[in-house]
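This briefing is meant for a reader who is meeting the structure for the first time. Please keep the sequence and the model in view while reading the points below.

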Amino acid sequence: MIISVEGVLKSYADIAIGRLKYLYPTVHFSLIPDGIEATGDPGVSSEKLSREIHYALYREKIYAETLSMRCSLIEELTRR
């Protein structure tokens, strides 16, 4: 199964694959030019796997975009 990954999310694909390998150890994830390829466990439905891949991509995007804000907040709270 191949899940296409749009331009904005491509930079988060490697990190998302790392998380997905932990969640689905019987599925092999690999980064390809068009997106992410998932092969392996036939017991995992393609619909569920597609949802999980997209969720992992957006989760990493949000984490990266809010990292500086969270660091500033922690710094401000621990300064006192």
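The model is predicted: local features need pLDDT of at least 70, side-chain atom pairs count only at pLDDT 80 or more, and totals for chains, interfaces and linings use all residues. Residues are numbered from 1 along each chain as its sequence is written, and side-chain values use heavy atoms, with hydrogens and water left out. Helices (H or I, at least four residues) and strands (E, at least two) are DSSP runs, numbered from the N terminus.

**Helix α3**

- Helix α3 spans residues 46–78, which makes 33 residues.
- From its first C-alpha to its last, α3 reaches 45 Å, close to the 48 Å expected at 1.5 Å a residue; the expected span is 1.5 Å times one less than the number of residues.
- At T66, α3 bends by about 45°, where the bend is the angle between axes fitted to the seven residues ending at a residue and the seven starting there.
- The residues of α3 that are buried are L49, I53, A56, L57, E60 and K61. Buried means under 20% relative accessible area, exposed over 50%, and partly exposed in between (1.4 Å probe, protein chains only).
- An α-helix has 3.6 residues a turn, so residues three or four places apart point the same way.

**The sheet**

- Three strands form an open sheet in the order β1-β3-β2, with antiparallel pairing. Its edge strands are β1 and β2, each of which pairs on one side only. From one strand to the next, the twist averages 20°.
- Strands count as paired if DSSP finds at least two bridges between them. In general, strands of a sheet pair through backbone hydrogen bonds, either parallel or antiparallel.
- Three bridges link β1 and β3 in the antiparallel sense. S4 has G35 in β3 as its bridge partner, and I3 has I36 in β3.
- β2 and β3 run antiparallel and are joined by six bridges. They form a hairpin with two residues between them, and the bridge partner of F29 in β3 is A38.
- Helix α2 lies across β2 and β3, running at about 175° to β2. Axes are lines fitted to C-alpha atoms, for helices over the stretch in contact, and angles run from 0 to 180 degrees between N-to-C directions.

**The nonpolar core**

- A nonpolar core is a set of buried Ala, Val, Leu, Ile, Met, Phe, Trp, Tyr and Cys residues joined through side-chain atoms within 4.5 Å.
- The largest such core has 18 residues, of which V27, F29, I36, L49, I53 and L57 touch the most other members. Two or more residues come from each of α2, β2, β3 and α3.
- Leaving aside neighbours within four places in sequence, L57 is in contact with V5, L9, Y12, A13, A16 and I36. Contact means heavy atoms within 4.5 Å.

- E60 is found in helix α3 and counts as buried because its relative accessible area is 8%. Not counting residues up to four places away in sequence, E60 touches Y12, I15, A16 and R19.
- K61 also belongs to helix α3 and counts as buried because its relative accessibility is 19%. Not counting residues up to four places away in sequence, K61 touches V8, L9 and Y12.
- E37 has its place in strand β3 and is partly exposed, with a relative accessible area of 28%. Not counting residues up to four places away in sequence, E37 touches M1, I2, H28, F29, S30 and I32.
- The C-alpha atoms of E37 and C71 are separated by 34 Å, and the two residues lie 34 residues apart along the chain.
- T78 is found in helix α3 and is exposed, with a relative accessible area of 59%. T78 and K61 are 17 residues apart in sequence and 26 Å apart in space, C-alpha to C-alpha.
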